[in-house]
Amino acid sequence: MIEFSERVEQVSISGIREVFEAAGEDAINLGLGQPDFPTPEHAREAAVEAIRAGKADAYTSNKGTLELREAIAAKHARDNDLEVDPADIIATSGGSEALHIALEAHVDQDEEVVFPDPGFVSYEALTHLAGGQPKPVGLREDLTLDPAAVEDAITDDTAAFVVNSPANPTGAVQSPEDMREFARIADEHDVLCISDEVYEHQVFEGEHRSPAEFSEAGNVVVVNACSKAYSMTGWRLGWVTGPNDRIERMLRVHQYAQACASAPAQFAAEAALSGPQDPVAEMRDAFEERRDVLLDGLAEMGLECPTPKGAFYAMPKVPEGWVEAVIDRGVVVVPGDAFGERGAGYARISYATDMETLKEAIDIMAEATDAVR
Ligand code: PLP
């Protein structure tokens, strides 16, 4: 019998999928991590044109087309006040691959990776796949990650820590002061900070700042993607940027695992990033309106929910049996412990669905709340 690798045996398929499958086809799905908007037309058109002109048939440069990387560099100058050389960018298959190659390139066998708990499911799984040891840390009452907790968790065996703002599953947004602290911690402890910024455009309160702005030692790499900003989850286009020596190491993993990101997706992403940005603002505004309606609904149910200041998720504390009662009534939400041990007693509600459906779901959640009280 051929044995499976220990690394892969430590990983299981995300609990989120199991919830979807259990709920059935007619359920209202508030479990999804993708915007319910179409990809902007100009991005779709750019891909179609590139395909028709035969420009998307071949491998691109491993790092991605120069035009795409220039568009990404211009985006960082425009949105993040960051000067990035197109040579220091790798276009990846979504933010997921960017996280993967960042960890592969920096984590040695049994080295620790610190990340938020509850946090995005990939951090733990990708740490295992890189041979590392996951070190989840709990959050503050408002569900933000405390830099002091990260600093306490760092030991001589720590290779990296992950910061995710705005955050999945909590919707929490870290303050600029926190981001400055994360950069200081990365620099002082000589540990890599992986900043996952895929929800950067969905901020309703506060502002998005990147720890990369504050690091002096080049110990921050930024992971981002078109997925959430432009509703392009199916296109699979993300990127990672950081100091050149780190990018060149990550490229070794990317080159052999991926060769290059999908060429049609690269053309679509270039157009999305450099074309009109109104769709981004329109989505943000729609999410904010829905968030407010959802928060009012949760308050009426008497459920305590730290105000999510970004992304498109809310994470209320819920009574025992609540998630099951809601799912039984045909609304899919994700149990908090799918995102880490400390997520137990919470549920993640995604409001990436139209207002009418959301209101219908809120009524059903209220019914379920009454039933389990
Ligand atoms: N980072 C976070 C926090 C996410 O929530 C997700 C997707 O849900 C990703 C990264 C991966 O995004 P992509 O679809 O670009 O791979």
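In the predicted model, Gln-174 touches Arg-140, Thr-144, Leu-145, Ser-165, Met-179, Phe-182 and Glu-207, residues up to four places away in sequence being left out of the count. Gln-174 is located in the loop between β5 (158-164) and α8 (176-189). Its relative accessibility is 5%, so Gln-174 counts as buried. The side chain of Gln-174 also makes a polar contact of 2.9 Å with the side chain of Asp-178. The loop between β5 and α8 contains Pro-169 as well, and the peptide bond that joins Asn-168 to Pro-169 is cis, with omega about 10 degrees.

A cis peptide bond is also found between Asp-117 and Pro-118, where omega is near 0 degrees. Pro-118 belongs to the loop between β3 and α6. In helix α6, which spans residues 122-129, the buried residues are Ser-122, Tyr-123, Leu-126, Thr-127 and His-128. An α-helix has 3.6 residues a turn, so residues three or four places apart point the same way. The elements against which the buried residues of α6 pack are α1, α5 (94-106), β3 (112-116), β4 (133-137), β5 and β6 (192-196). After α6 comes Gly-131, with a positive phi near 85 degrees.

Most residues other than glycine have a negative phi, and most peptide bonds are trans. Leu-143 has a positive phi, near 70 degrees, and is placed in the loop between β4 and α7 (147-153). With a relative accessible area of 6%, under the 20% limit, Leu-143 is classed as buried. For Ala-311 phi is likewise positive, near 55 degrees. Ala-311 is part of the loop between α11 and β9, and is buried, its relative accessible area being 0%.

Thr-65 occupies the loop between α3 (41-52) and α4 (66-80). Its relative accessibility is 14%, so Thr-65 counts as buried. When neighbours within four places in sequence are set aside, Thr-65 is in contact with Thr-60 and Gln-266. Thr-65 and Cys-260 lie 195 residues apart along the chain, and 9.3 Å separates their C-alpha atoms.

At the level of the whole chain, two domains are assigned: domain 1 comprises 6-38 + 278-372, and domain 2 comprises 41-274. Domain 1 contributes 39 residues to the contact and domain 2 contributes 36 residues. The centres of the two domains, taken over C-alpha atoms, are 24 Å apart. About 3000 Å² is buried between domain 1 and domain 2, with 60% of this area on carbon and sulfur atoms. Of the area that domain 1 buries against domain 2, 20% is supplied by Val-280, Lys-309 and Arg-342, more than by any other three residues.

Two salt bridges are found across the interface of domain 1 and domain 2. A salt bridge links the side chains of Glu-205 and Arg-291, with an N to O distance of 2.9 Å. Polar contacts between domain 1 and domain 2 involve 19 residue pairs. On the side of domain 1 that touches domain 2, two or more residues are given by each of α1 (6-9), α11 (278-301) and β9 (313-314). The most is given by α11, with seven residues. By residue class, this side of domain 1 has 20 nonpolar, nine polar and ten charged residues.

Conventions. Residues numbered from 1 in each chain as written. Predicted model: local features only at pLDDT ≥ 70, side-chain atom pairs only at ≥ 80, totals over all residues. Heavy atoms only, no water. Domains from an automatic or database assignment. Contact = heavy atoms within 4.5 Å. Buried area = accessible area lost by both parts, 1.4 Å probe. Salt bridge = Lys/Arg side-chain N within 4 Å of Asp/Glu carboxyl O. Polar contact = N/O pair within 3.5 Å; in protein donor to acceptor, adjacent residues only side chain to side chain. Helix = DSSP H or I, 4+ residues; strand = E, 2+ residues; numbered from the N terminus. Nonpolar A, V, L, I, M, F, W, Y, C, P; charged D, E, K, R; others polar. Buried < 20%, exposed > 50% of the residue type's maximum accessible area, 1.4 Å probe, protein only.
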